[in-house]
Amino acid sequence: MLASSNKPGRGGRCFQTENVYFIYLLFNIMNQTKQEEDYGYDLFPERQTKGQKKRSIIDDLFTFNHKCQGMLHLAMQTSPYAKLLLGAMKSSGCKVFKDRHFSCEDCDGTVSGGFDAASSQIVLCQNNIHQQSHMNRVVTHELIHAFDHCRAHVDWFDNFRHLACSEIRAANLSGDCSFTSEVLRLNFGLKQHHQKCIRDRALRSILAVRKISREEAEKIVDEVFDSCFNDHAPFGRIPHSNKDARFAYRDYMNRDRYNTNL
């Protein structure tokens, strides 16, 4: 997950003494800057001016934003991965609304999306996503983070093990490491290549948003890998392809009928 957010609680109580208030504001600004650096906030520059930048109708119709919104709509309507995750989140009490929980924004050139835990919002990098298949994978990847955020008490900011676990799950279940995706990247392997791909992508995501050494990140990923790799919720399996995802979605939609017959 390229979780891109500062922690809540930017503002503060206004003190009576101006000098004290100035020092308090200075500390708040310094602390906010540290948080943005530590949590990969700089990868999503529009997060820093959220609520200030307003888009015109021309921007919406003739820019990447319009294309991004269209591809997002198609992903939510047609991708079996996304449809299953949206259904699972709704069943868990976390219904997803397109306009509230997704935001198409310009990002750093190295990332395609991120989950902002502070606002429960998925960021889609409109300047870096140009194909529908890519959009489908990014939406699925970030929805897995959102699902984990919904079902568990994930400490995204301070618990590296929690972050690593969700990154492992997202890489494993989103199709990021499918055979087709790896062939397109010219990455080939035989024994346990799928697991290697997941480790590598989880590691890269952690290093992108946390200031820790590669050795420390590798140790954390190793510690949680087996349990998180084998956690396939809500798919019930590793969906290696769209066909697998369609079967998983069918089984998920029929789960109540199966339980009723027991």
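**Exercise 1.** Does C125 count as buried or exposed, and what is its relative accessibility?

Solution. The coordinates belong to a predicted model, and the first step is to take the relative accessibility of C125, which is 0%. The second step is to compare that value with the cut-off, since buried means under 20% relative accessible area. C125 therefore counts as buried.

**Exercise 2.** Which cysteine is joined to C125 by a disulfide, and what is the S to S distance? Determine also the handedness of the link and the elements that the pair ties together.

Solution. Begin with the sulfur atoms: the partner is C107, and the S to S distance is 2.3 Å, where a disulfide requires a pair of cysteine sulfur atoms within 2.5 Å. Next, consider the torsion about the S-S bond, which is -90° for C107 and C125, a left-handed link. Then locate both ends: C107 lies in the loop between β1 (102–105) and β2 (113–116), while C125 lies in strand β3 (residues 121–125), so the pair ties together parts that are 18 residues apart in sequence. Finally, C107 has a relative accessible area of 9% and is buried.

**Exercise 3.** Work out the handedness of the disulfide of C94 and C150, and state where the two cysteines are placed.

Solution. The disulfide that joins C94 to C150 has an S to S distance of 2.1 Å. The torsion about its S-S bond is about 90°, so this disulfide is right-handed. As for placement, the pair links distant parts of the chain, with C94 in the loop between α4 (80–91) and α5 (98–101) and C150 in helix α6 (residues 132–151), 56 residues apart.

**Exercise 4.** How many disulfides does the structure hold, and what pattern do they follow?

Solution. The structure holds five disulfides. With bonded cysteines counted along the chain, the pattern reads 1-3, 2-6, 4-5, 7-10, 8-9.

Methods: Residues numbered from 1 in each chain as written. Predicted model: local features only at pLDDT ≥ 70, side-chain atom pairs only at ≥ 80, totals over all residues. Heavy atoms only, no water. Helix = DSSP H or I, 4+ residues; strand = E, 2+ residues; numbered from the N terminus. Buried < 20%, exposed > 50% of the residue type's maximum accessible area, 1.4 Å probe, protein only.
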